[in-house]
Amino acid sequence: MEYCGEPLEKPFDELDPAFAVKLLSAVGRFHGCGLTHGRLRPRHVRVVDDTPILIDFQASESHICGLRMMVIPGTTIPTPEEFGCAEMHDLVCRMAVWERETLRFSTKSIRKESIWSVEDIKRFIWKGYQSGWERNRLELEAEHLYKELCKERILTWGTDKVSERTIRRDIFEIFP
Ligand SMILES: [Zn+2]
């Protein structure tokens, strides 16, 4: 049997941004050939040299791709009709790339553009949580949210732009 790469062992919302872009392009090229995959799930993607290969086309159907929007992370989710392609819309939703402009943290909504370090999130932790497990939990959540925000920004701007704009050590700790 022909070698067909390694299975993709991650849900779509945990893909590294560069790989997510490659996967979107692969599906886009497939649509350009006039077909949907029909069942895009991580188990139907294999990885060869960090390149996604689609497999398992039993549910494939003919398709005229009407895609007419760029995927801009952090922006409001368009409807599938606005986006122009239902399968790509579903994939981008699964990647959790589109987001609200605000980030929900604890009971607060924080504007994304005001966040440039994890401390910008942690300062919203209620002063009453001075110590203990509740504060630990919120600090971990803040770190997770910040990491996700960095991923979105790298997907939008690329690593070079992020380093230009931020020059903050903590981003490079997340993306060495
Ligand atoms: Zn399409």
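Helices (H or I, at least four residues) and strands (E, at least two) here are DSSP runs, numbered from the N terminus.

**View 1. The whole chain, element by element.** This is a predicted model. Count up the pieces and you get 6 helices and 5 strands. Start at the N terminus and they come in the order β-α-β-β-α-α-β-β-α-α-α. The chain has 176 residues, and 20% of them count as buried. Take the contacts between residues at least 6 apart in sequence: 57% of those join residues at least 24 apart.

**View 2. The largest nonpolar core.** Here we're looking at a set of 26 residues, in which L91, M95 and Y146 touch the most other members. The top contributor is α5, with 6 residues. Domain 1 (6-94) and domain 2 (102-174) both put residues into this core, so it sits between the two.

**View 3. The β4-β5 hairpin.** Strands β4 (residues 102-105) and β5 (residues 108-111) run antiparallel and are joined by 4 bridges. Follow L103 across and you land on its bridge partner in β5, I110. How many residues lie between the strands of this hairpin? There are 2, and S106 takes a positive phi near 55 degrees. A handy reminder for looking at side chains: in a regular strand they alternate between the two faces of the sheet.

Technical notes. Residues are numbered from 1 along each chain as its sequence is written. This is a predicted model: local features need pLDDT of at least 70, side-chain atom pairs count only at pLDDT 80 or more; totals for chains, interfaces and linings use all residues. A nonpolar core is a set of buried Ala, Val, Leu, Ile, Met, Phe, Trp, Tyr and Cys residues joined through C-beta atoms within 7 Å. A residue is buried if 20 or more other C-beta atoms lie within 10 Å of its own, exposed if 12 or fewer, and partly exposed in between; C-beta atoms are placed from the backbone. Domain bounds come from an automatic or database domain assignment. Two residues are in contact if their C-beta atoms, placed from the backbone, lie within 7 Å. Two strands pair if DSSP finds at least two bridges between them.
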